[in-house]
Amino acid sequence: MGACVSTDGRVERERSMAIDKQIEEDSRRFRKECKILLLGSGESGKSTIVKQMKIIHQNGYTPDELAVFRLVVYKNLVDSARDIVLAMKKIGVDCVEGINRAHAAQILDYEVLSDASFRLSPDIANAIDSLWKDPIIATVMDHSSEFYLMDSASYFFSQVQRIAQNDYIPNESDVLRARAKTTGISETRFNMGTLSIHMFDVGGQRSERKKWIHCFEAVTSIIFCVALSEYDQVLLEEKEQNRMAESLVLFESVINSRWFLRTSIILFLNKIDVFKAKLPKVPLERYFPEYTGGPDINKAAKYILWRFTQANRARLSVYPQ
């Protein structure tokens with residue numbers, strides 16, 4: 001009997017030791033894992049961060065991976081040119097150069113096919129190039145807060161002849177600026193020293209936000225992205241809604257959520273270059289009347305930061321970047 005008890009006790013001790021070892025290994029493994037959730041409204045720069053992490057920590061993009069972005073760049077270019085033409089109609093102006101009126105009609109009729117063998121027509125490239133150089137464009141851009149135009153539009157317009165070459169392969173600068181709507185949840189994994197990073201990028205459009213709930217468990221930290229330059233812009237999916245106001249509402253719902261009571265939040269204010277160029281031309285107080293700092297870039301950025309920190313009723317740790 002004693003031998004039997006001894007054997008049973010030994011088995012139990014071995015089982016207990018195995019469990020303790022597994023717990024210790026799991027604890028050590030989880031300490032080396034960091035789960036980061038990228039949140040923010042549409043076009044706030046979340047996907048750009050993921051692309052930058054891939055370039056820095058995953059040896060960038062292969063030629064085949066770069067080629068996948070070709071159709072995205074084509075569509076960004078043509079859609080942006082179409083947005084310019086439609087904006088001209090909306091604000092009631094026309095091209096100064098007569099030839100560009102024909103180009104505008106050509107742009108509206110042009111379609112980018114969802115076919116890997118599709119190549120941008122040299123004719124449409126010339127039409128876009130000519131339209132963008134029309135003297136009326138300066139007037140149109142003075143009304144940029146009245147219509148949607150992606151932030152990278154001017155970059156792609158300036159590169160239109162290169163993009164239209166038959167052997168065109170997007171480079172990393174093109175990829176960083178390319179805009180494709182994020183649907184669902186995409187995960188990027190990479191290592192920083194001994195730390196394993198799991199970064200989740202989720203759709204920022206209103207229709208995508210209900211999917212965020214699936215990412216909430218065991219989140220180490222949140223990077224909440226805000227485009228400073230969006231203070232005068234409207235949502236793609238809701239043309240009457242100011243994008244900065246939408247970001248404020250979204251941030252308030254995130255930071256005061258019970259899901260994030262033990263989560264550190266990094267408030268990432270980006271697109272500072274666009275913001276700096278825009279502020280002297282488009283006063284912040286036009287959209288936020290209580291702001292009184294004028295065109296001072298530091299005062300304007302601090303005001304926007306203050307607006308976001310005021311939403312932090314839960315008094316969570318927020319780290320502005």
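The axes of helix α11 (residues 243-255) and helix α13 (residues 297-309) come within 9 Å of each other and cross at roughly 35°. Axes here are lines fitted to C-alpha atoms, for helices over the stretch in contact, and angles run from 0 to 180 degrees between N-to-C directions. The model is predicted: local features need pLDDT of at least 70, side-chain atom pairs count only at pLDDT 80 or more, and totals for chains, interfaces and linings use all residues. Residues are numbered from 1 along each chain as its sequence is written, and side-chain values use heavy atoms, with hydrogens and water left out.

From α11, the residues M244, S247, L248 and F251 meet I304, R307 and F308 of α13. Contact means heavy atoms within 4.5 Å. By class, this contact has 5 nonpolar, 1 polar and 1 charged residues. Ala, Val, Leu, Ile, Met, Phe, Trp, Tyr, Cys and Pro count as nonpolar; Asp, Glu, Lys and Arg count as charged; the others, Gly among them, count as polar.

The crossing of α4 past α6 is left-handed. A crossing is left-handed if the near helix is turned anticlockwise from the far one by less than a right angle, and right-handed if clockwise. On α4, the contact is made by L77, V78, A81, I84, V85 and M88. On α6, I128, L131 and W132 take part. The contact of α4 with α6 has 9 nonpolar, no polar and no charged residues.

The protein as a whole has 13 helices and 6 strands. Helices (H or I, at least four residues) and strands (E, at least two) are DSSP runs, numbered from the N terminus. Of its 321 residues, 44% count as buried. Buried means under 20% relative accessible area, exposed over 50%, and partly exposed in between (1.4 Å probe, protein chains only). Among contacts between residues at least 6 apart in sequence, 74% join residues at least 24 apart.

D174 lies in helix α10 (residues 172-177). D174 counts as buried because its relative accessibility is 0%. Its side chain joins that of Y155 in a polar contact of 2.7 Å. A polar contact is a pair of N or O atoms within 3.5 Å; within protein, one must be able to donate a hydrogen and the other to accept it, and residues adjacent in sequence count only if both atoms are side-chain atoms. Not counting residues up to four places away in sequence, D174 touches V73, Y155, F156, R162 and Y168.

Q161 sits in helix α9 (residues 160-163). With a relative accessible area of 37%, Q161 is partly exposed. Its side chain makes a polar contact of 3.3 Å with the side chain of D129. Q161 and N126 are 35 residues apart in sequence, and 7.5 Å apart C-alpha to C-alpha.

T220 is in the loop between β3 (195-202) and β4, and S221 is in strand β4 (residues 221-227). T220 is partly exposed, at 36% relative accessible area, while S221 counts as buried at 7%. Neighbours within four places in sequence aside, T220 contacts E33, C34, K35, T263 and S264. On that basis, S221 contacts K35, I36, L37, T263 and S264.
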